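Morning, everyone. Let me put the model up, and then we'll walk through a few places in it.

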Amino acid sequence: MDSKKNGSSSDTSCQQKETQAHVPEDSQHRRFARIRGRRRLAHPAIPSLKRSLTPPPPPEPPSLPKRGERVTCSLEEIMNKLKPFQLPGATSDPPLELDSLVGYGVDEADATALRKAEAERFLAVIQDPQTPITSTMHLVGKQYWNAAGTGGTAGEACYRRLSSMSQTISTALSLCLLDNECVNMHYCKSISSRERLQKYVERARVAEREESTEIEDDARRELLFDLVNYISAILARLISQTADGEFWLLNTLAALVARTAKIKFLLVDIVANAVVAANTGQEFLDRSASKGPFGDFSMKADFDEEECEEALRIINANQRDGLASEEQASVASFCVNQNKYRSGLNAAWRYVLGSLRLMNISGLPATTYEICLLVYDIGCEGFKTVLFQDRDLEYSASSSRDVLNTTQSALIILHQILTQLQESKESRPIEDRDQTIVEWAYYELEEPGIGTVKPSQLAQRNIPLDSMLDIVTVMVPLAFTSPMLLAEFTKFRTMMALTGGVKDVVRSFHEGQFSAYCRLYTREFDHEAQSREILRLSQAFERGTFSRRRLADKTAEENQDATEQESLEKELTRCSVKMDGWLIDERSVTVACHRYVSSVMLTALVLSAGGLTIGFTVGERIQGVDPFNLATYAWVLAAFVILICKAVLVESWSWSDFLQFQVRCKSVSELAATTGIDEQVIIAKLLHDDCGDGILVTRGPFNSVFRRQANSEDGFSINVKIKPITLILSGLAPLKVVTPRGHAIVCLDHRRGTFLAFVGREGIDNKAYLVCDDVDRHIRDWKASKPRRVWPGANQIEPCKLHLSKTKDFKWKRVQGLCNLKDGEVVFV
């Protein structure tokens, strides 16, 4: 029985196996698919297969903040930053803080109240950036302000009064620096300087004698307070509109609050406070040692990020090596950071106050001046630059995108103030009796990064300034737009961003597309400038001298209609796109030449095929003549055409380049002949690349303005004369300066990427300038030889050649303005 059962069971199992063996394959696939589709249990820490195989979406780049949005900042946050550093176990030492009022007998409660009032005033200024900043200088001192618009002796007295007020505020600023240097000497000798402290003490002694001659009254003191409030309010708005981030905003605003409160306190009795500060500084000089606990490293008053990082590195290294305790390291770090927060503010205060003083650098009377600013697109690639002429006819410029980003914030503040000033006055045309006038134009694209501002979009407006109140209302924010100030302020922002902690983020605002023009001038300056052969910035703006279309304009006409201007813009854009395809190496420029090579090859092919066709067609119809000789002549002619066409454009054209439909040009003339682009446009393109990351090395007779010059004959030849308009539109402004032998030309080099360029009353030591000395003699000799310089076969006079050379030891007395050079009369070699 068991055997039967076992046999039956074995038979059954065999049948099941046979049945499974005969199951169709598609049903097995469906079964396996159901098994694979079942949901399996997995450990929570193990991600699912689907999530692991799906790549995460790429992170979006962080968007930059937009300028003009409401600023969120509280009074409590600012006041917390103003708390003094708590010294462990200190009982007798004064609290560690910069811009302290303890040394002048002010207790902590009164000092806090003064700072709180300033913080509240700044919060009202920065919270709504769309609200214009107003001045309150009309409340007092009308006897000094209302006579400025009349000119003459009364107007000069007003400017001298303003200069005296600026000097008094500068004295208070210097006393603040003196007290802070004493704090550094006491708590952190490593960042102090005995020479700097001694200079501050001597300055305080001089200020004590000078300020004692001023008649102090409540009206003048109140007017000083109003001027300090106006300057500090604009500076606070500029801080909030330069960068975004709590680290930047709170620390710089707190430093400005403390500095402004102390300046106003010192102005109450500037003479007595100068005596106190000088005596305190002298005491520190008498007992100061020559070396601090961290070595003899000493920073400048306005140190940069490298010096700040070096100071902090030395502090940390000495603490790690056991040369300083943790307490000493924390105190030193606090001093370094507090000085860092004030470095950019010191430079801004000094420049603005200096611009209000009468320095007599230009040699003109106090009522004869012009301050002008231009922001425009120049060069073949259309890079933006800012050009500034100050009251003393000193020129500064910048084409750095970081500086221009800061410049836009300052220009918006100026535009708001001028718009409010125009609305507060009755609209009337400019009359002859108006002695001081401001002209300005500002335009910004609504969508930054799309397109550029055209010169026709700048609608110029003007305001007659009737009083000294109006003049100062314009002069102060206009001083904040100077590249000298904004370059230092940009470096200050960069230093704060690089020396902060991991969470201390400092972000600049989104770059906008804008253009601007502003001019503050007097009638007396207009009359005086007519006697000098110069081109004023206002004239250049009105003529369109700085317009990019002048590069493609061969007629050099100033008054052109909108259609001609648009066609020139399109032509310049077409040339720019074509030049972007060039392959530039160290010695040549390789250009695609498909059309020319194709036409030459097609001509040769037609000649060759025509010769063969004649040979086969004529056959033996002409007795005694082999028709294939004609084919040979056609082939020779085709080869001759190719050789001639290869030699027409360039001096040496290799067969490999020819067969690859490209040509290697080694001079400007070859490049112009090959591409059909105007020679001056090509020079502007090469000058644009020369100041960037270009690698082209140049040589030739007109090579003086290029930076990468070849030491031998192996280089790209600049064999075309450079016109003055090409220099100006490439970022080289020729300035006319006064020298002992007459006049000379000094170029203000603000080409693409230039952080700051400056030409003042005299040259900077060890700085190379492009100079053409004794211009008067060159032009005089050229005019005397005009009859001998008429080009044969053309009714045209050979232009005067002015040679520009780089030199470091050239000196001049003062700057007069832009040289008024005409393209047809002058070329640079």
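Start at Ser399. Its side chain reaches the backbone nitrogen of Gly753 at 3.1 Å. The side chain of Ser399 also reaches the backbone oxygen of Arg751, at 2.5 Å. By polar contact I mean a pair of N or O atoms within 3.5 Å; within protein, one must be able to donate a hydrogen and the other to accept it, and residues adjacent in sequence count only if both atoms are side-chain atoms.

A word on the source. This is a predicted model, where local features need pLDDT of at least 70, side-chain atom pairs count only at pLDDT 80 or more, and totals for chains, interfaces and linings use all residues. Residues are numbered from 1 along each chain as its sequence is written, and side-chain values use heavy atoms, with hydrogens and water left out.

Back to Ser399. Where is it found? In the loop between strand 4 (395-398) and helix 14 (401-424). Helices (H or I, at least four residues) and strands (E, at least two) are DSSP runs, numbered from the N terminus. Is Ser399 buried or exposed? Buried, because its relative accessibility is 5%. The cut-offs: buried is under 20% relative accessible area, exposed is over 50%, partly exposed is in between, with a 1.4 Å probe and protein chains only. Leaving aside neighbours within four places in sequence, Ser399 is in contact (heavy atoms within 4.5 Å) with residues including Phe383, Lys384, His750 and Thr754.

Next, the cores. A nonpolar core is a set of buried Ala, Val, Leu, Ile, Met, Phe, Trp, Tyr and Cys residues joined through side-chain atoms within 4.5 Å. The largest has 112 residues, and Ile78, Trp349 and Val476 touch the most other members. Beyond four places in sequence, Val476 is in contact with Leu227, Tyr230, Ile231, Ile234, Val352 and Leu356. There is a second, separate core of 87 residues, with Val600, Ala638, Leu671 and Phe828 among them.

Val591 is at 4% relative accessibility, so it counts as buried. Apart from neighbours within four places, Val591 is in contact with Trp582, Gln662, Val663, Leu671 and Thr675.

Now the cavities. How many of 30 Å³ or more does the structure hold? Five: 5 cavities. On a 1 Å grid over the protein atoms alone, a cavity is a set of points where a 1.4 Å probe fits but cannot get out; lining residues have an atom within 4 Å of a point. Helix 13 (326-355) and helix 15 (468-479) each supply at least two lining residues. Helix 15 gives the most, with 3 residues.

Most residues other than glycine have a negative phi. Asp99 has a positive one, near 55°. Asp99 lies in the loop between helix 4 (75-81) and helix 5 (108-126), and at 1% relative accessibility it counts as buried. Asp774 also has a positive phi, near 55°. Its place is the loop between strand 18 (769-772) and helix 26 (775-784). At 12% relative accessibility, Asp774 counts as buried.

That's the tour. Questions, please.

Conventions:
On a 1 Å grid over the protein atoms alone, a cavity is a set of points where a 1.4 Å probe fits but cannot get out, and a pocket is an open set with protein on both sides within 12 Å along at least five of seven lines; lining residues have an atom within 4 Å of a point. Grid points are joined across faces, edges and corners, and a volume is the space filled by probe spheres set on the points.
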